[in-house]
Every structure is written in structure tokens, then in C-alpha cells.
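Dear colleague,

I am handing over the structure that we spoke about, and it is placed directly below. After it I set out what was found, so that you can follow the description with the coordinates open beside you.

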Amino acid sequence: MRKELPLAITFVVGLIVVLANFLAPQTFVKINNEVRTWFQLVSSLFCALGVANLTRIHGKKVSQQSEGWIFSVIMFIAMFGFMITALSVGQQSALYNNLYNNTIVPLNATMYSILMFYIASAAYRAFRVRSMEATLLLIAAAIVMLGKAPIGEVVLGKWVATWTNWILAVPNTAGMRGIQLGATLGGIAMALRVLLGIERAHFGGVGGE
Amino acid sequence: MQNVDRRIIYIILIVAVVYALIKPMGLPVTINKTTEDAYAAIDALQPGDVLVMGMDFSAGGIPELEPAGKAIFYQCMKKDVKIVMFGMWVMAGDMAERLLTEMAPLFPDKVYGTDYINIGYKAGGAVLLQKAVDDVVEAALNIDHRGNTLPGNFPIFDNFKSLKDAAFWVCLSTGNPGVPDWIKVVGDPLGIPGTIDVVSVSIPENMPFVDSGQIQGIIQGIRGSAEYELLVSRPGRAVAGMDAQSLAHVVILVFIALGNITYLMTRKK
């Protein structure tokens, strides 16, 4: 039953959701609405599960003083500090807002901004005219980079913006559409496999049949 | 020159960006048609219409998305269009609150709960949107980001019970869940027009939606935000960032060019 019960639940609930969306029989629609509410509640529970799991893993690191354990301590201070602050003084309090806006926001923004350096370094090393395809890629990248920054039009003229828009609207759209269609068809196939119990990796098994 | 130490590239980039921020060059920013289309679509809304703003981004997206979000808020408040803000991302409520903290004082006659409201983040991803299509307050679990009970005495919910009552939607997104979910759940099935404001790296994957007409224009990254700021006549951080972006792009292109020149010279030998 350990394997069969989750598979049966997956199949039944999945079938209800699919039928509620495509055929919309009233009973299934009502059950689907209830399932959605439960989905929201379970999603929230995942956060609690995440906190518990992080505490377990990093608690072990701290107790054993493994390599980098000091960062686990910092993680605990940050995680529980914010939780306790939010629960005690509220998310609208000046203390919480100051903490949030002066730590999480700049740190989050910094992590994203660091990408600029990696992209610059990667572009410098990767964009080499080794072949015809690589040359075309380089030319397209150069045109788009100049077209997206105002300096391109100022120095080279309006044609740079025109070509940039053409590259994004025509070859890029064509390629992305193909990729998205393929990815969607793959997603449908995977969903069918999960629904029918062929794919069981998410149950902790290894791969499917 | 083929293998310049990456730290040299980093230092030159930092110097270029900081220089441009300290001594702006004032490069002119032309308006792209896709940004104009997005602006025109929102400008066509009537007083009393409800625009739903999906704040589906985190702090990393602030430089690129927040300026356009503020400009859209400004445009809507000027036109007496109501705004309902919520999102599928954890930071949605906080991002909306940041925007309101700066923009709401510009409109002292506009009232929270009457002209705009921040429902915040609710769990569920795309399921949140699906529930909001039936009942926004139920999807919001009867509470907004500020802890107020919904619908409470908030008049904004008098004529706005579900996403079906929205006249327009805008998705500000840095990733997944985001644009495809809005199009799949709100745009296509309900026929409600909308537009998107995405970070630069997401522009290519979202262009098919513009081409097919599933969205009305697209605000393309920080450049799009700068264009939108100019369209509402409120140049701000995005316009200020354009010079820095220009110099950064030039630096990267110079290094690519130098690397290729030395590569070709080495190949000839």
C-alpha cells in the first residue's frame, strides 16, 4: 500500500483537476476548488517543513562544528531573528521594516547584480569567432547590446535599434516559440507519466518504469 | 589579450559604472514601440477600472522593474484607475509596499482600500491566480499584506470580486511563476488584456507572446522602465541608470573585440 496509495491519490486528484478544467462537470469543479484551497494550505506548510529541515541540517553542522559551521550560526540568527521579530512586533512595525529593507533587500539585489561581472567575464571568453555560427552569434549579441543601450543609437544611428528589434521579433521569436512548444509537449508527456504512475521519482524512487 | 585576468575586467566595469552614475552623460533615450504599446493600452483605461498588478519579483529585480511599476502606478492614479497588487512570489507584498511608500504620498487624495490595495504574497503559485479568477478575497485568504481583514470596509472590493472584474493586468516578473501563468490563467481564458515588465534576460523568452498578441507590448528591462518613466514625464532611477548601462555594454564589447582580434592574430600565426 505504501506505493499504491500515493499513486492512487495522484491519479484520482489529477483526473479531477483535468476534468474540472476541460469538461467542467459541477461536482468536479466544486472538488477542484476545494483542492486548490488545500494546495494553498499545503504550500504554506512546505515553508514550515523547509524551516524544520534547515534547522535539522544546520543544527547538525553546528553541533559537530563541521567546516563552515559559523555560517550556519549566522543563518540561524537571520532566520529565527526575522521570524521572532515578525511574530512579536508585526510585519508593519518600523523595526521589522528597517531590518528587512536594510538587510534582505540590499543583499538580494547584490546577489543578482553580481551576475553582471560573471556575464562580462563569460562573454569575453565565450564570444570567439571560431565558426560561422559563433560569428553570427557574436554579431547578433553585439547589435542587441548596442541597440539596448542608448549609446548605440547615439554613436551608430537608428539602424542599430531597428536591427535589435528585428532580431528579437523575428529569429529570436521563431527559435523561442519552437523551444517553448517542445518544452510544453515534454511537460504534457511528463504530466501524463506522473498521472499514470509511470514516473515515480517524486516519491523518492529512482526514475520511473 | 586573449586571457585577461577577470579581475581587471571587473575593475574596469566597476569604474565605468560608477563614473557614469557620478557624472551622467545625459544620453537621449528613444522610446521603443513595444513600450509605447504597453503605455497606450494602460492609457486607454477608464476612471474606475481596476488594474491588477502582479508583483512577481524579488529584490534582485528592483532596479529593472520597480521604476516601471512606479510609473504605471503614477499613470493609473492620474487617471483614477484603481490598482490591486498581489503576487506569487514571496517578496510580492514587500515590493508592493516599497512602491506604495514612495508613490502613495504623491496622491494624498487617494485612499488605501479605495483606490489601491496591497494584498501581498499568498502561497500557491499559479493556483493562487486560478482561485483569484473565482474569488479574489478567498484567494487572499481574507487578509491583505498589512494584516487587514478582507473584504472589510474596503470599497475597492465593491465592484471587484474576482480577476474577471479586472480591466487590465500587468505582470512584473523576474522568473517563474510569472508571465506564462498570467497568460494561461487570466489573459487567454478570460480575454483580459495585459502587459508585462520583465528583466532583460527574460525578454527573448517573452517576445513570442508579444508577436501573437497575447500581451499588449512589453516593458523591456531597465531600458523599458526608462522609456516608461519618460512616457509619464517622470524620469527617475531607470533613466539615470541608462548611462551606466551604456558604458558597461561598451566595456564588455571592447573586451570581446580585443579578445577576438588577438584570437584571429594567433590563429593566423
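B:Pro151 sits in the loop of chain B that runs between α6 (136–139) and β4 (168–173), and the peptide bond that joins B:Leu150 to B:Pro151 is cis, with an omega of about -5°. Please keep in mind throughout that this is a predicted model, and that the values quoted here are computed from it. A cis bond also links B:Asn176 to B:Pro177, where omega is near 0°, and B:Pro177 is placed in the loop between β4 and α7 (179–190) of chain B.

The loop between α6 and β4 of chain B also holds B:Leu141, which has a positive phi of about 55° although it is not a glycine. With 18 other C-beta atoms within 10 Å, B:Leu141 is partly exposed. A positive phi, of about 60°, is likewise found at B:Asp80, again not a glycine, and this residue belongs to the loop between α3 and β2 (82–87) of chain B. B:Asp80 is partly exposed as well, having 14 other C-beta atoms within 10 Å.

Turning to chain B as a whole, it has 10 helices and six strands, and its C-alpha trace spans about 75 × 35 × 30 Å along the principal axes. Of the 269 residues in this chain, 51% are buried. Among the contacts in chain B with a separation of 6 or more, 75% are between residues 24 or more positions apart.

The largest nonpolar core contains 69 residues, and the members that touch the most others are B:Leu51, B:Met55, B:Ile83, B:Val84, B:Met85 and B:Ala92. Helix α3 of chain B (residues 62–78) gives the largest share of this core, namely seven residues. Apart from this core lies another, of 19 residues, which includes A:Leu138, A:Val160, B:Ala16 and B:Phe255. Returning to B:Met85, and leaving aside neighbours within four places in sequence, its contacts are B:Met53, B:Met55, B:Ala96, B:Ile117, B:Asn118 and B:Ile119.

B:Met95 lies in helix α4 of chain B (residues 92–103), and it counts as buried because it has 29 C-beta neighbours inside 10 Å. The C-alpha atom of B:Met95 is separated by 24 Å from that of B:Lys164, which is 69 residues away along the chain.

Two helix pairs in chain B deserve a description. In the pair formed by helix α1 (residues 6–22) and helix α10 (residues 237–268), the axes come within 8 Å and cross at roughly 155°, and α1(B) and α10(B) are therefore roughly antiparallel to each other. The crossing of α1(B) past α10(B) is right-handed. On the α1(B) side the residues that meet α10(B) include B:Ile9, B:Leu13 and B:Ala16, while those of α10(B) include B:Asp243, B:Leu247 and B:Phe255. Sorted by class, this contact has 12 nonpolar residues, no polar ones and one charged residue.

In the other pair, α3(B) packs against helix α9 of chain B (residues 221–231) at an angle of about 20°, with the axes 8 Å apart, so that α3(B) is roughly parallel to α9(B). Here the crossing is left-handed. Among the residues that make the contact are B:Pro63, B:Glu64 and B:Ala71 of α3(B), together with B:Gly221, B:Tyr228 and B:Glu229 of α9(B). By class, there are seven nonpolar, three polar and two charged residues in the contact of α3(B) with α9(B).

Finally, how many residues does each chain give to the contact between chain A and chain B? The contact takes 40 residues from chain A and 44 from chain B. On the side of chain A, α4(A) provides the largest share, seven residues, and the elements that give two or more residues include α2 (26–64), α6 (132–148) and α9 (171–195) of chain A. That side of chain A, where it touches chain B, has 25 nonpolar, 10 polar and five charged residues.

With best wishes

How values were computed
Residues numbered from 1 in each chain as written. Chains lettered and ligands numbered in written order. Predicted model: local features only at pLDDT ≥ 70, side-chain atom pairs only at ≥ 80, totals over all residues. Core = buried A, V, L, I, M, F, W, Y, C linked by C-beta atoms within 7 Å. Buried ≥ 20, exposed ≤ 12 C-beta atoms within 10 Å, placed from the backbone. Helix = DSSP H or I, 4+ residues; strand = E, 2+ residues; numbered from the N terminus. Contact = placed C-beta atoms within 7 Å. Axes fitted to C-alpha atoms, helices over the stretch in contact; angles between N-to-C directions. Parallel < 35°, antiparallel > 145°, perpendicular 65-115°, else oblique. Left-handed = near helix turned anticlockwise from the far one by under 90°. Nonpolar A, V, L, I, M, F, W, Y, C, P; charged D, E, K, R; others polar.
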